[in-house]
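Keep the sequence and the structure side by side while reading.

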Amino acid sequence: MSKIVKLTKGFDINLVGKAKHELANFTAAQTFAIKPTDFIGMQRPKVLVNEGDTVKAGTPILIDKALDQVIYASPVSGEIVEIKRGDRRKLLEIIILADSNVSFENFAKVDLAGIERDALAIALAGSGIWPNIIQRPFGIVANPADTPKNIFVSAFDTHPLAPEFEFALKGQEKYIQVGIDALAKLTSGKVHLNVDGSKNTPAIFGNLKGAQVNKFSGPHPAGNVGVQIHHLAPINKGEIAWTLSPFAVVQIGKFLIEGVYDASKMIALTGSELTKAAYVKTYVGANVSSFVKGNLNSGHVRVISGNVLTGEKISCEGFVGFYANQITVIPEGDYYEFLAWALPTTRVSYHRALGLLSFLSPKKEHVMDTNARGEERAFVQTGVFESVTPMDILPVYLLKAIMAEDFDEMEELGIYEVIEEDLALCEFVDVSKHPVQELVRKGIELIQYS
Amino acid sequence: MKFLRDILDKQRPLFEKGGKLEGLFYAFEAGETFMFSPNHTTAIKGAQVKDAIDLKRMMITVVIAMIPCLLFGIYNTGHQHLLATGGTAGLWEDFGDKTWIGVKLVLPIIIVAYAAGGIVEAIFAVIRKHPINEGFLVTGMLIPLVVPATTPLWQVALATVFAVVIAKEVFGGTGMNILNVAMTARAFLYFAYPAQISGDQVWTYLGDKVPIDGFSGATALSVAYNAGVDGTQTVVEALASHNTVLGADIFSFSNMFVGWIPGSIGETSTLMALVGAAILIATGVASWKIIVSGFAGAYLMGTIMNLFASNAYLAMPPQYHWVMGGLAFGIVFMATDPVSASQTETGKWIYGLFIGMLTVIIRVTNPAYPEGIMLAVLLMNVFAPLIDYYVVKANKTRRLHRATV
């Protein structure tokens, strides 16, 4: 039975710079990187290659010694040009200089009908695709040895300027179906595929078999898989669910049909500071310089891997994160502003306090910069956190429990159901400017390693 | 504004780590951020853009919402003075004089409250090394509005200092306090210096003038209470026949609603409190749930008392509770303080309801305290965490039950 869920709580941040539905023909990215820091919860990363080694797409280059069945593979073929380390030799980036034509490792093709569940999991774990499969609770890379209660795929993204999967995955129906079939085998429960209920279901997701297609509508975070899980089959203590993006479903399909780790992916280039905001076809971990340089409206910008709510600042020569499907380029906001707290403004605000006028034109697209808009202050609770969190969770009490490191409270108040992105809007709307997402991760780690 | 910025940039190193005035950094920061919002940018990871709101803007919204009450209070202070001393008859006669008398009395109180509280805030910020909190913008305005215009300035200063230290700073500053700071200041005055904040003599400023014959400075609440004790007439009759020298209808429902009556500076006008409520609700700064349930609670309790009416006060029509005393002002501006109020959405309904009900209970049944809103708010401030505890517990139970289905 598919479910229809209408959510009312939340907030859409409308920004200038949506990617046009077209492929930009920039010079292809030369270098690609795997960043161990993208994989939250990776405990003991170990590099399997040396500088100068040549690799193919799918060659293992990294493992986590704490979960060593899972391979982190090179997304392209080429030469390992640099293994970048930071303070105390912390592994930062493994950089690969790509061949002009990508060649693939050949994996054995898998006959889905005949293969055992565990054998399928092992095959996928060794393919390079596995790190896409995220375990809830905690939002960490899943353990192939677990059997999840359900698997969830959110087939739409409500984050600001997020890519549209309908465009980005056009023509991949065949792979999606096989991917879903494989996922169905991995879980003891159902595969849930959640689509945007406010639109017609895109053709690529319309005729799927083997998955329960649910419709979610409402403002962001309706597209967040954590919110969807909460309304479909909430996670309680001791339970495990897996989530993955539609891109990963396609990769699984390709792996099973063609026996390759194809890390190609459409990335949306978005944000007000890009001259040309469009999609670009590249591989996981692409260097952004060829998409960004020469494509900027202004000089003083921040390039973000991901979206403006949950993303990460990278440099103009940085690499797209493993999980990011977009980059966003917005102005840096490192300026002082006279009496900014009192003067009327049309800047984006969820609030309507005196002089905040953006609520009058909710559809207007804004240019937003990275100014913090005030200083950190003591927690003053006004009920806004609840009104942007469409879950039966009390964010303020959860966050206070985390601050107090009260494990029982955290558990009872729903720490198992959230990861950073689910409370990212709280961080955005917070009057007291607290680092909410950082706090959420702190709480998760307290519970995870307790 | 560049020259201002340049001055600040030049002075900044003095206050930063290693500078000569390092200890005063937060005092400098308060001044600096008041003029210029800082050039901080968002963190490397997490939300890369932030909502345009900040605490200063939220607090200033509350201050703006109080301005109707303040302006009305200033004019009414002058109006009551001229009424009592026989200087005027019409409402809008001698407009300039009344305003001037009001300003002369009220402005010093505001200045003293802001100065006394501001100094304490600054001292604590410097010693405890925390930023100066904008919450005081609101407290500093609330305190003058809940005292009579005749309050000695030294008492205002003392009450403000007491409240800021005992009700706020000892708990760790804004956001951590249990009691509403302004209400604590008023309670302090009430218990420490009752002669200047209760009785019939303090509400109207007389100055060196002699009141006209037959003048009584009693508030509507004490008239109502006495009518209950007296038992010869209903409260409405008692109110109507009271103080007729000031005009026949001084304590009529409509006059009390508009607020041309003696009382604390900002509390007399229910109308202006409602204007403030409209601003607070429209801007989303205060919880409409607390405001609605507060008024409903008072009405409900008033109705219940009607059922058991053994004296005239118990039998008073419940809507009179809305317009007498400081109920409206207290519910709109004090009960909704986000820090000391209940913090769960369900809790806000319960919290407001109890404030309304308790106010009426204290007013009607307790001979010692003619006004109940002050103690009702403080009492419910104390109980708010308990209400929240049960609301949160219900949430936990709900998620626990979900597990077994």
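Where is the place of Ser188(A)? Ser188(A) sits in the loop between helix H3 (173-186) and strand E13 (191-196) of chain A; helices (H or I, at least four residues) and strands (E, at least two) are DSSP runs, numbered from the N terminus. The model is predicted, so local features need pLDDT of at least 70 and side-chain atom pairs count only at pLDDT 80 or more, while totals for chains, interfaces and linings use all residues. Residues are numbered from 1 along each chain as its sequence is written, and chains are lettered from A and ligands numbered from 1 in the order in which they are written.

Ser188(A) counts as exposed because 9 other C-beta atoms lie within 10 Å; the cut-offs are 12 or fewer for exposed, 20 or more for buried and partly exposed in between, with C-beta atoms placed from the backbone. Beyond its neighbours within four places in sequence, Ser188(A) is in contact with Thr147(A) and Lys149(A), contact being C-beta atoms, placed from the backbone, within 7 Å. Asp369(A) is 181 residues from Ser188(A) along the chain, and their C-alpha atoms are separated by 45 Å.

Now to the two chains. Their contact takes 64 residues from chain A and 53 residues from chain B. On the side of chain A that touches chain B, elements giving two or more residues include strand E21 (337-338) and helix H11 (424-429). H11(A) gives the most, with 4 residues.

E21(A) also pairs with strand E1 (residues 36-37) of chain B, in the antiparallel sense over 2 bridges; pairing requires at least two bridges found by DSSP. Within E1(B), Ser37(B) is the bridge partner of Glu337(A).

How values were computed
Two residues are in contact if their C-beta atoms, placed from the backbone, lie within 7 Å.
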